[in-house]
Amino acid sequence: MPASMSPGVALPAHDDLVFLDEAPLPGARGGRSDAPAWRILVVDDDADVHSTTTFALAGLEIQDRPLEFLHAYSAEDARALLAREPDIAVILLDVVMEQPDAGLHLVRHVRETLGMTDVRIILRTGQPGYTPEMEAIRDLDINDYRTKSELTRTKLYTTVAAAVRAYQQLHALGVGRAGLERIVRAGTELMRLHGARDVARSVLQQAAALLGQEAGGVLCAREGGGLRVLGGAGSGLELEQRLLDLTQHGLLGGAVTRALAGRRSEFNPTCLALYFPGKSGRDFAAALPLARPVGDGNKRLLHVFTSVVSVSLDNLELVGRLNNAAFFDQLTGLPNRTQLVEDLDAAVANEGGLDTTLTLVDLDHFAEINDALGHGFGDQLLVTVAQRLQSQLDPRLKVARIGGDIFAVLGMGSLNTPDAIHALFAAPFSLDGQDLQVSSTLGLVRLGEHDGSGADALKDADIALKRAKSQQRGGHFYFSRGMGVEIRERVRLMHALRSGVRRGELFLAYQPQVDLATKRPFGAEALLRWRMQDGTMVPPDRFIPIAEYSGLIVEIGAWVLREACAELMRLRGAGHMDFTMSINVSQAQFRHPRFVDVLRDALRETGAPPEYIELEITESMAMEEPQLLAEMLAQVKRTGVSIAIDDFGTGFSSLSHLQRLNVDRLKIDRAFVSEITGSARGSSIAQMIIQLGRNLGLSVIAEGVEDERQAQILHALGCPLAQGYLFARPLSPQGLLEWLATQGLSDAA
């Protein structure tokens with residue numbers, strides 16, 4: 001591929017070099033600079049690496065100068081480009097290109113053949129297992145060697161910025177290469193360190209090495225009205241993590257104070273103060289006792305050194321804030337979910353978490369408190385609860401807030417008990433001059449009885465919490481292995497159902513409905529069935545609740561409506577004109593905003609006459625928000641279809657509500673049908689439903705009729721219609737046609 005100049009920036013798509021969203025880098029600029037650009041040559045045989053690198057560094061400045069990118073896609077392209085392009089500051093070089101060591105051969109060409117000693121070279125590889133010989137890196141004057149996966153946007157910018165600064169000094173000031181390379185190595189070393197103390201110590205040691213003297217002194221940052229010693233060297237070690245006492249350490253303290261106040265380094269004969277400007281919120285300064293005054297050459301070196309160190313200290317501050325945001329809750333200051341999972345992983349790894357319990361603490365009715373008293377009051381309550389948990393539980397227990405109004409307590413099972421936690425909520429919480437009584441519901445898991453990772457333990461505790469909330473608010477529930485198996489089976493079945501819907505594994509079976517007086521069929525109920533690819537039949541009472549929970553029932557229900565209407569039209573085409581199709585509708589489907597539109601679409605697309613379509617809703621649906629249901633039923637009835645209430649007698653219907661609902665038929669639940677042959681009392685409920693239907697002018701049908709005795713009693717009680725195994729089992733579409741061919745259609749429906 002030919003070399004080119006600055007291609008358009010593209011989004012990263014390469015697996016080995018992906019930059020996550022990070023805070024704005026120190027060199028980000030709002031407007032375009034007129035200063036000459038630093039020229040950066042990217043040599044890599046992967047075009048995605050070029051676009052990703054350009055994207056990561058686009059819009060940034062180093063030393064108030066923008067970056068310009070040149071591109072070569074092979075070592076050979078790079079040789080030709082370097083021969084004609086002067087003043088390249090940094091080469092970002094892939095190790096493995098045409099050959100496994102093509103990058104190293106190019107370095108030799110740059111240093112030995114072209115004699116380019118000022119340009120800084122950073123090797124990169126996407127193959128972590130491949131590492132060139134350390135002697136080759138040293139002898140060929142290579143600044144840094146990185147795997148692409150470890151170069152985050154911040155680290156890439158820091159690496160390039162340090163290399164550019166080194167190039168600038170080598171090229172413009174002509175200072176000794178050894179000194180500047182020491183600074184570059186110092187910057188590389190600082191990037192590998194994470195703790196403030198380690199970074200501060202390294203800065204002091206590197207500065208002393210540049211001056212050729214023993215390390216000593218302190219590195220400080222302002223804290224309140226004083227100076228906090230972040231790290232020390234020599235006699236300064238004893239001052240670490242303390243506020244600097246200016247009366248006892250006036251030489252060091254005075255130098256640091258003047259450097260921070262003047263925002264510049266200070267070179268005195270006996271004490272050196274180095275100023276490190278920070279763009280992340282804090283400035284830093286170091287004070288080093290001097291064995292001899294600093295010469296002009298070393299002053300220039302130290303100015304470069306402070307620039308390199310400033311980037312590392314800025315990065316340290318940024319990492320610190322990101323770490324705090326990543327692992328601690330911003331409202332309460334407690335560890336958050338991420339930190340809790342790490343603690344759980346450590347606990348599980350420690351002999352399987354023996355005698356360790358995780359408790360999730362959910363505040364009862366917190367949403368109502370927020371709604372009634374405002375979110376500000378709710379936040380105050382969360383902070384107060386966090387303080388009580390921390391201050392009154394045993395200090396050996398760890399407390400976290402994992403989101404919303406849910407806290408977590410982790411530690412010894414003998415200390416981490418429901419009684420201990422519930423006791424904390426016995427006393428009211430005082431907020432804004434008022435006492436608020438709050439209770440909590442707990443879900444617990446014993447890690448010693450748990451298999452899996454920390455994240456798995458948290459999921460299990462959440463399962464236990466949901467179970468506790470479903471049973472009794474203010475109570476608790478311990479997770480058991482059986483609960484985990486049940487939940488995992490539901491999830492497995494949900495995924496299988498999604499796949500089954502796509503593969504067309506669902507189908508409809510049709511159970512005939514007959515007139516008890518004539519034993520003639522007048523209609524059929526469409527029943528949803530699921531046969532998996534291996535032929536396994538999944539019972540409706542297993543997969544329909546999962547379909548409702550997952551929301552799949554809306555899509556499935558729309559298909560059922562269309563398929564049942566289409567089957568009705570096939571029956572009419574076979575001559576069964578006076579035939580009704582009964583279709584079950586779930587609560588989630590019926591309450592969907594577009595249900596009536598979906599119904600109209602099914603009728604229109606299939607041509608099914610609405611007067612021969614009956615929708616079945618359950619009694620529990622009919623009694624929930626009856627006013628809203630009445631409005632929905634009115635819209636449905638305007639399409640011309642009829643409505644039946646299924647499972648009638650199981651939902652404790654309010655007769656006043658039932659009277660207001662515009663329904664056409666009551667369906668006696670099979671539980672009452674099965675009882676009517678047992679005793680006179682067993683038939684009383686069925687008789688009451690039949691009489692109720694007659695009084696309200698509603699048709700009545702009994703389901704689950706399995707023997708002739710049941711049919712006779714129902715007929716004697718005045719029930720006109722029935723369905724069940726006595727007449728026919730659910731049939732395939734072809735089976736229904738064949739069955740109807742042996743029957744006569746009833747005129748009574």
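**Strand E2 and its neighbours**

Guide: Strand E2 (residues 38-43) pairs in the parallel sense with strand E4 (residues 65-72) over six bridges. Strands are DSSP runs of E, at least two residues, and helices are runs of H or I, at least four residues, numbered from the N terminus. Two strands pair if DSSP finds at least two bridges between them.

Visitor: Before we go on, what kind of model is this?

Guide: This is a predicted model, where local features need pLDDT of at least 70 and side-chain atom pairs count only at pLDDT 80 or more, while totals for chains, interfaces and linings use all residues. Residues are numbered from 1 along each chain as its sequence is written, and side-chain values use heavy atoms, with hydrogens and water left out.

Visitor: Back to E2. Which residue in E4 is the bridge partner of Arg-39?

Guide: Glu-68. E2 also runs parallel to strand E5 (residues 88-94), joined by five bridges. There, Leu-41 stands opposite Ile-91.

Visitor: Which residues point which way from E2?

Guide: Trp-38, Ile-40 and Val-42 point one way, and Arg-39, Leu-41 and Val-43 the other. In a regular strand, side chains alternate between the two faces of the sheet.

Visitor: New topic. Which residues touch the most other members of the largest nonpolar core?

Guide: Phe-590, Ile-613 and Leu-615, in a core of 78 residues. Helix H17 (residues 552-573) gives the largest share of this core, nine residues. A nonpolar core is a set of buried Ala, Val, Leu, Ile, Met, Phe, Trp, Tyr and Cys residues joined through side-chain atoms within 4.5 Å.

Visitor: What about another core?

Guide: Another core, of 26 residues, lies apart from the largest one. Leu-41 is among its members, as are Ala-72, Leu-93 and Val-107.

Visitor: And H12, how far does that helix reach?

Guide: Helix H12 (residues 375-392) has 18 residues and reaches 25 Å from first C-alpha to last, close to the 26 Å expected at 1.5 Å a residue. That expected span is 1.5 Å times one less than the number of residues. Its buried residues include Phe-377, Leu-381 and Arg-388.

Visitor: Whole chain, then. How many helices and strands?

Guide: The chain has 26 helices and 28 strands. Of its 749 residues, 51% count as buried.

Technical notes
Buried < 20%, exposed > 50% of the residue type's maximum accessible area, 1.4 Å probe, protein only.
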